[in-house]
Amino acid sequence: MLADMGQQVPIVDYLVLDDGAPYLNANVCDECGALFLDRRNACGKCGKTAFGKKRLADTGTLKSFTIVHRAAPTVPVPYVSAVIHLDGGGSVHTNLVNVEPDPEHVQLNMPVRMTTYTAGVDVDGTEAVAFGFEPAEGKA
Amino acid sequence: MADNVWIIGAAMTKFGRHPDKDVLDLGSDVALEALADGGATIHDMNVMAVGCQFEPFTLGQKIQKQIGQTGIPVYNVTNACATGASAVRTVIMSIKAGEADMGLAIGVEQMGKPGFIPQMGRPRRDKFEPDGRFGEVMPIEGVLGTDFMAGVFAEAGMAYAAEHDGVGFDQFVKIAEKNHLHSSLNPLAQYRKVFSTEEIKASPMQAYPNTLLMCCPTGDGASALVIVSEKKLKTLDPDVRKRAVKISASVMTSDPWVEGGQVQPDVNTLTRNAADQAYEQSGVDPQDLDLVELHDCFATAELVHYDNLRLCEPGGAGAFIDSGGPMRDGKIPVNVSGGLISKGHPIGATGAANIYEVATHLRGEAGDRQIEGAKVGLTHVIGLGSACAVHILEKQAV
């Protein structure tokens, strides 16, 4: 059971873990440049079917949030759910981490940067790596 | 241009818990009440549509078997929280298409009191294997943000706050306070208790800034409408004609592609599109509205729709609530029924019940909560995902 201890997998397939820093990788429509994080049948903006990949920035701006106090028993509360607009295009929905979960510390429009952490471990010891964003103090 | 359509019969059950009834009782009884209200019977109907989100499987035919099996076409409709309005629009479209001249639309739901937090996403498994359209290896609710409704709509309100000054916790609290106050005058509302600012702020936080008293409850209820073509209306009894309410606009939209719309559901663009089409269809200006029933599933949702429905200056939703604009004695009364927050939100019933509410005011039959002299009103619902329906109703002579 401990044979594979230490192996890591991304929590979702648009988070790329390779030898460098983890990053988010979007599907980008060849025709219109629309960005998508999910598996696609066609482009929701223009309807075309050819896609490439685009590496998204690991910095951005907090454009909305909620502080969740009531959740299923398996989800620890309170936590901050955030909408982040990334520098250079694209947006993500994830948790804001490494911040006090209260409205005094979570400020709309504040700069944030991506971070990763282990969100769970399965029966084989494989770690699921999740991404969150944290306040980026001192960023211009 | 197709013939105008009118409402001649309207009914609504009290919203709340109806443990002594089933969904068939709720739908059948409200249908009979609406037919009687319009001086009609099931034998006058050429089309029927039933909206029910949780028990849609030939519910309309089951209702027919209770109230009259006349062999007419029946459509069973779901469209999330816009389900009831979609049933109404199905009847309107049949009449405008010339296939029917009189139809019955029913919105009904029996939710009981389910666990407040539904299980989100797929269950946890022992081994991590990619699954779903994001290739997720474990449940992502609470890890990659929340998809739980109180949070999603909290984020919709906070996104507005990020772009516009003068919007924050206090404005959202005022909206809930208003709707609870309004509901105290509505005998059909699920809750009729007045709450102070402090009580709303102090009620258990669900998803900041939405406290429990800023969230709609689950519940049971039904509403039904009898709709006719203008040509048919002119042949009906004068007592029916004088209580008829004109449907001056009926619009449905879905969400067009917008940047970021996949990660944060966009409840704004489709509402703006629907409202603009409805104002154009009817020739009504937003400032002419005597009352509005809009989709306040959460206090944060109501605020953004002040702007989306053009009830306030662009960016001015905070100032609109601060000034008392949407109070029942304000510039444009909003949710004088108590809204989803306090009147209740039996999902399939909601989009028909808000049309019942506005029609009842236009008929001058709203009792203690009557908006005096109301001549024109607007209804709005959103089903997340998204489906938006806007209707504009007018009191006119025919």
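Predicted model: local features only at pLDDT ≥ 70, side-chain atom pairs only at ≥ 80, totals over all residues.
Visitor: Why is strand β8 of chain B described as largely enclosed by the rest of the structure?
Guide: Strand β8 of chain B spans residues 245–254, which makes ten residues. To count as buried, a residue must have under 20% relative accessible area. The strand is largely enclosed because the number of its residues that are buried is eight of the ten.

Visitor: On to the two chains together: how much area do chain B and chain A bury between them?
Guide: Chain B brings 39 residues to the contact and chain A brings 52. Carbon and sulfur atoms account for 58% of the buried area. In total, the two chains bury about 3900 Å².

Visitor: Which residues in chain B lose the most area to chain A?
Guide: Three residues stand out here, and together they make up 19% of what the chain B side buries. They are B:Arg133, B:Leu144 and B:Trp257.

Visitor: How far apart are the closest N and O atoms in the salt bridge of B:Lys127 with A:Asp124?
Guide: Across the interface of chain B and chain A, the rule finds two salt bridges. One of them joins B:Lys127 to A:Asp124. Their closest N and O atoms are apart by 2.4 Å.

Visitor: Which element gives the most residues to the side of chain B that touches chain A?
Guide: There are 23 residue pairs in polar contact across this interface, both residues at pLDDT 80 or more. On the chain B side, the elements giving two or more residues are α4 (149–163) and β5 (205–208). With eight residues, the one that gives the most is α4(B).

Visitor: And how many residues on that side of chain B are nonpolar?
Guide: The side of chain B that touches chain A includes ten polar and nine charged residues. The nonpolar ones number 20.

Visitor: Which residue in β5(B) is the bridge partner of A:Ile67?
Guide: Here a strand of one chain pairs with a strand of the other: β6 of chain A, residues 59–68, and β5(B). They run in the antiparallel sense over two bridges. The partner of A:Ile67 is B:Tyr208.

Technical notes:
Residues numbered from 1 in each chain as written. Chains lettered and ligands numbered in written order. Heavy atoms only, no water. Contact = heavy atoms within 4.5 Å. Buried area = accessible area lost by both parts, 1.4 Å probe. Salt bridge = Lys/Arg side-chain N within 4 Å of Asp/Glu carboxyl O. Polar contact = N/O pair within 3.5 Å; in protein donor to acceptor, adjacent residues only side chain to side chain. Helix = DSSP H or I, 4+ residues; strand = E, 2+ residues; numbered from the N terminus. Nonpolar A, V, L, I, M, F, W, Y, C, P; charged D, E, K, R; others polar. Pairing = 2+ DSSP bridges. Buried < 20%, exposed > 50% of the residue type's maximum accessible area, 1.4 Å probe, protein only.
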